[in-house]
Amino acid sequence: MIRDITIGQYYQGSSLIHRLDPRLKVVGVLVYLISLFCFRYVIGFLVAGLFFALVLHLSKVPFRYVIKGLKPILFLLIFTAALNLLWTPGETIWKFGILNLTREGIYKCIFMALRLILLIIGSSMLTLTTTPNQLTDAMEHLLGPLKRFGAPVHEVAMMMSIALRFIPILLEETDKIMKAQMSRGADFESGNLMHRLHNMIPLLVPLFISATRRANELAYAMDARCYNGGAGRTKMKPLKYNPRDYKGYAVLVLYVIVLILVTRTVAI
Amino acid sequence: MQPIIDAKDLVHEYSRRDEEGNVTGITRALDGVSMQVKQGDLIAVLGANGSGKSTFAKHLNALLTPTEGTLYVGGMECGDHTKDLDIRKTVGMVFQNPDNQIIANVVEEDVGFGPENIGVPTEEIWERVADALKTVGMYEYRLNSPNKLSGGQKQRVAIAGILAMKPKCIILDESTAMLDPGGRKAVIDTITRINKEENITVILITHYMEEVTGADYVYVMDSGKVVMEGMPRDIFARSDELEEFRLAVPEAVRVAMLLREKGIELPKDILDAGELVDAVMKLQA
């Protein structure tokens, strides 16, 4: 189950979306994420949803694969939805003790849930179609101006890409340690929250030790391959805008305009 | 000709410290190691766990600096850190755990990491990556994620990553220890071919005796010292000594030895199953 997490995973492919410039994709995701918080009517979700569907279709990533990324936040999703549903003040529909179901609550709950879902699956499209190295390059370019103020842009970007690369490895390892400890009688599934947290110690300690050891070895391996920070480095895949990227930016602008027009004129 | 690696009386000490940072003990991981390696040779360094062979390997790549003694790699002295990058360009290193040395999420990007670091122009990086991947036979996997490859395939990608930097010498620091027999054979075959065809010096650090049969020269290390050296045949003939250093001789060599003890007259320098079979057949005739 732990390997089902698709956030931060790359889905191999060569679709149009895969080939787009990563800078466009990063900017696109940012615009899309901000746009999700800029409307007050349900119709906005339709526009955002359609935009997402278009990107998804072009990327040729199976929808089921993207949806799997929601699994780990399912609990959070239900929790926030329930909170919003039952504790929002307003026009009461149904009341039971401290639980107070209101019309506003229902609206808020739907909004929150849709927002969260679109947020997660939308941003996972970025990592699903962009290799971590491309992502790093894009970040480095977009944050480039900060270098002038002494910000370690290259180093941070490198750290991010390495973190992404190690997610599946560490997940696999967690799975392995969990099974090993379970076979020796460890119990991760019963008891109250405190009890469960306490039971996590035999999982976390070996995981931390192994992660530190991996980090040490990786540092050696990077040193051995002449890694010396950002200075004097060339790029195997330098970022270069193609005509299709300018079209991509045009589509993005179009999306924002449509969203503004629709949410201004249709008030549902 | 100047040797590519010239180590003289190399000593390396690790100091253990208590919580206040006071030195509580000193471990001598290397104790007077001397070694000279000619360009183009395939050298094996054998040793059990804790014999200091990995510490020695890390010196050759300027990842560690000697406490005492001198070490020249490609004519450059290791010690002060001014030449580190040049030394690492000359000597590439492949490590034990394939997962912990692959940096990128796509095979070709990982192979390109080294050349990127040393500032190779873009078009040349692509050429080098393609060449290196073809050499190790992983070209058709260039767009794959390393996570989907087997251990042996990952190690071959790691070797390609080093090859793309065009070093004069490659060190394999127990690079086969975590692989299954099939993967191990693929890695050893690849590295032997690279040694022959590209004339790249190879230093193979291992505790599997089977892997050193193809080496030009073998060093055996124990407790930080070089305790035996010679041609593989001569080393294997001294199986009693090898066992003292916690090293097991290959199966064929062992069988031949036991047969000799039983009074069957077999030559002392049998290396592998093929030679053993030949020798036994000759006995019959």
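In what order do the strands of the open sheet in chain B line up?

**View 1. The open sheet of chain B.** Four strands sit in the order β2-β1-β4-β5 (chain B), with antiparallel pairing; strands here are DSSP E runs of at least two residues, helices are H or I runs of at least four, both numbered from the N terminus, and two strands pair if DSSP finds at least two bridges between them. β2 (23-37) and β5 (76-77) of chain B each have a single partner strand, so one side of each lacks a neighbour in the sheet. Between β1 (residues 5-17) of chain B and β2(B) there are 11 bridges; one to look for pairs R17(B) with V23(B).

A word on the model: it's predicted, so local features need pLDDT of at least 70 and side-chain atom pairs 80 or more, while totals for chains, interfaces and linings use all residues. Residues count from 1 along each chain as its sequence is written, with chains lettered from A and ligands numbered from 1 in the order written.

**View 2. Where α2(A) crosses α7(A).** The axes (lines fitted to C-alpha atoms over the stretch in contact, angles running 0 to 180 degrees between N-to-C directions) come within 8 Å and cross at roughly 75 degrees. That makes α2(A) and α7(A) roughly perpendicular, a label covering 65 to 115 degrees. P22(A), R23(A) and V26(A) meet residues of α7(A) including L135(A) and M139(A); contact means C-beta atoms, placed from the backbone, within 7 Å.

**View 3. Chain A against chain B.** The contact takes 27 residues from chain A and 34 residues from chain B. On the chain A side, α10(A) gives the largest share, 8 residues.

Definitions and conventions: Two residues are in contact if their C-beta atoms, placed from the backbone, lie within 7 Å. Angles under 35 degrees count as roughly parallel, over 145 as roughly antiparallel, 65 to 115 as roughly perpendicular and the rest as oblique.
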